[in-house]
Amino acid sequence: MSDAEITVEPDALIQLAGITKTYGHGQAALEALRGIDLSIHQGEFVAIMGPSGSGKSTAMNILGCLDTPTSGAYLFEGVHVEHLSRDQRALLRRHYLGFVFQGFNLLARTTAQENVELPLLYRGETAEARHELALDALRSVGLEEWAHHTSSELSGGQQQRVAIARAIVTNPKVLLADEPTGNLDSKRGHEIMELLVGMNREHGITILMVTHEPDIAAYAKRAVHFIDGQIAHDALNGNAP
Amino acid sequence: MMGWTTLLLALREIRRNLMRSFLTVLGIVIGVAAVVTMVTLGNGATQSVSDQISSLGSNLLMLRPGQRMGHGSSGAPPFKAEDAAAIKAQVGALKAVAPSVSRTTVVVVGTRNWATSITGSNEDYFIAGNWTLTEGRLFSTNEERAGKAVCVIGATVRKEMFEAHSPVGDTMRIKQFSCEVIGVLAAKGQSAMGRDQDDTVVMPLRTVQRRLTGKTDISTILISMMDGASTEQVINQITALMRERRKLTDNEDDNFSVQDTKEIAKALSGTIGTMTTLLGAVAAVSLLVGGIGIMNIMLVSVTERTREIGIRLAIGALEREVLLQFLTEAVVLSAFGGLVGLLLATVTCYGLASMLALPLIFSPGINLMAFGFSAAIGVIFGYVPARRAAQLDPIDALRHE
């Protein structure tokens with residue numbers, strides 16, 4: 001699909017139009033996404049749901065600019081990003097996106113403070129600014145006291161909060177969370193969700209979250225269901241906190 | 001995120017794996033230490049030889065019967081004292097002509113025995129060999145003519161036979177005769193060949209001929225030229241004189257040889273230089289092996305840290321930033337290894353030089369070169385692992401277990 005065929009929504013933060021993703025070629029080709037149209041506005045909290053193999057992870061990778069679509073258009077703040085180079089996508093992630101992963105993915109044998117400072121390092125912030133911003137971010141997830149503990153000294157819930165601090169320390173437009181509660185027990189999971197809801201409500205950070213648990217998805221204001229590489233259901237959640 | 005920050009990151013990584021980092025650089029440490037030690041000691045040996053040249057006395061020639069190499073040396077007629085006298089009388093620009101003959105014999109003082117080299121010669125021997133006295137006197141021309149049983153001893157013989165007290169005036173027994181010690185020579189140390197030059201006893205030529213060898217033959221004539229004399233001209237004159245005295249016809253080869261000790265020393269220096277180069281090259285191979293060790297560990301490290309690299313890429317690290325980080329780690333490791341290697345080499349050289357009695361010559365050139373080479377090894381062998389890290393796909397890297 002060429003760029004011309006997209007109807008630009010001027011107020012959308014993210015706009016996907018006719019996105020497809022095919023792995024492999026010929027007979028062995030696997031269509032992970034088959035024409036996705038999706039608009040996300042500033043300040044939304046969207047849960048992306050669906051069974052495994054439904055294409056929700058592929059969609060998330062494309063939304064997070066970690067991967068490129070096979071065809072279709074992806075507008076980020078009105079800019080086409082579907083054909084950006086590897087380094088251009090890296091810069092886009094650096095300046096506009098924050099990531100939270102299921103497995104926390106903190107650096108081993110590294111303090112919480114240093115983990116949170118990592119994205120600032122790549123943004124070329126001074127040591128002083130890094131220190132201050134990282135402490136602010138840790139404070140906002142309630143881990144100020146734990147700044148100098150290494151990740152192995154922190155519980156799972158604490159590690160995920162450090163990961164969230166790392167994701168928001170650069171003040172991103174969009175926070176992408178891939179099963180953020182997947183490795184946590186239900187109580188810690190709900191604590192993390194409260195934190196994300198707070199980030200969304202108080203700081204206006206747009207959140208895209210992949211989950212397969214309905215009670216976790218219930219925290220989001222909108223739920224998008226994927227089935228067989230297509231969006232089956234897209235609805236607002238009136239009961240969201 | 002360049003320069004200083006990258007260095008900081010690299011240092012942090014090295015600190016995180018201190019034990020492994022240490023083992024990684026061990027190869028570089030040993031390689032650099034080996035190269036620098038070999039070359040430094042080799043230079044010391046070369047220096048030792050050139051010191052030897054000056055201690056031999058300047059412009060020294062050695063005249064021996066027979067040819068230096070090949071056949072004919074055993075059958076050549078020996079020289080006599082008259083040959084030396086003829087040279088002194090007929091060849092110009094000479095400082096000293098010392099006919100000499102040597103024997104290894106046991107000398108006895110009281111209950112002490114010592115096998116040493118006994119040389120019979122004349123006063124010129126001390127001029128030709130650049131010998132000086134620490135005690136007593138040299139033998140006189142009269143004592144020499146009369147074949148008196150007097151001797152001048154070297155520092156080693158003095159130490160072994162007389163310990164602390166002054167030997168001048170004491171007697172030493174050599175085979176069947178006694179001989180009075182009249183002087184002690186100043187120590188010269190090892191010769192270029194590694195022989196102890198101070199393990200010597202010098203007597204009048206006639207004394208040794210009569211009492212030890214029983215023949216009037218002499219084995220070597222030492223000839224010391226005046227400063228500025230043309231070595232070639234002197235050698236030609238001596239050769240012509242000796243051919244005449246030995247009645248050699250035009251189509252006969254020389255049955256004697258005149259050697260310039262400078263040439264011998266030069267040849268020896270050359271040999272040591274070659275050895276130094278060879279040993280240095282062998283040591284350089286170990287440095288190369290050390291570099292491969294670094295590459296191996298860096299590759300393991302990249303695999304082990306795949307998830308970490310995934311995180312860095314996901315939060316926006318550029319390819320070249322990841323490349324630079326891993327490359328910096330490798331270079332910091334190898335440069336640090338090089339530095340430790342230089343320290344180790346300094347200690348080793350210090351120890352070995354005093355053990356082998358070689359002069360210690362610190363050469364900034366080889367130290368700088370070894371260090372630069374070790375850093376270069378970091379770049380060369382760190383590049384492949386670093387590029388592998390930089391080109392990882394962030395999605396795959398994050399999924400890596």
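Me: In β12(B), what is the bridge partner of Leu61(B)?

Reply: Keep in mind that we're looking at a predicted model. Follow the bridge from Leu61(B) into β12(B) and you land on Asp260(B).

Me: And which residue stands opposite Leu61(B) in β11(B)?

Reply: β1(B) also pairs with β11(B), residues 220–225. That pairing is antiparallel too, over 4 bridges. Look across from Leu61(B) into β11(B), and there's Ile223(B).

Me: Which helix gives the largest share of the side of chain B that touches chain A?

Reply: Start with the contact itself: 17 residues of chain B meet 19 residues of chain A. On the chain B side, α1, α10, α11 and α13 each supply at least two residues. By class, that side has 10 nonpolar, 2 polar and 5 charged residues. The largest share, 5 residues, comes from α10(B).

Me: What about the largest nonpolar core: which element supplies the largest share of it?

Reply: This core has 125 residues, and Ile48(A), Ala165(A), Leu175(A) and Val32(B) touch the most other members. Take Ile48(A): setting aside residues up to four places away in sequence, the residues it touches include Leu208(A), Val210(A) and Phe226(A). The largest share of the core is 14 residues, and they come from α11(B).

Me: How many residues are in the other core, the one with Cys151(B)?

Reply: That core lies apart from the largest one. Besides Cys151(B), its members include Met172(B), Val234(B) and Ile238(B). Its residue count is 47.

Conventions:
Residues numbered from 1 in each chain as written. Chains lettered and ligands numbered in written order. Predicted model: local features only at pLDDT ≥ 70, side-chain atom pairs only at ≥ 80, totals over all residues. Contact = placed C-beta atoms within 7 Å. Nonpolar A, V, L, I, M, F, W, Y, C, P; charged D, E, K, R; others polar. Core = buried A, V, L, I, M, F, W, Y, C linked by C-beta atoms within 7 Å. Buried ≥ 20, exposed ≤ 12 C-beta atoms within 10 Å, placed from the backbone. Pairing = 2+ DSSP bridges.
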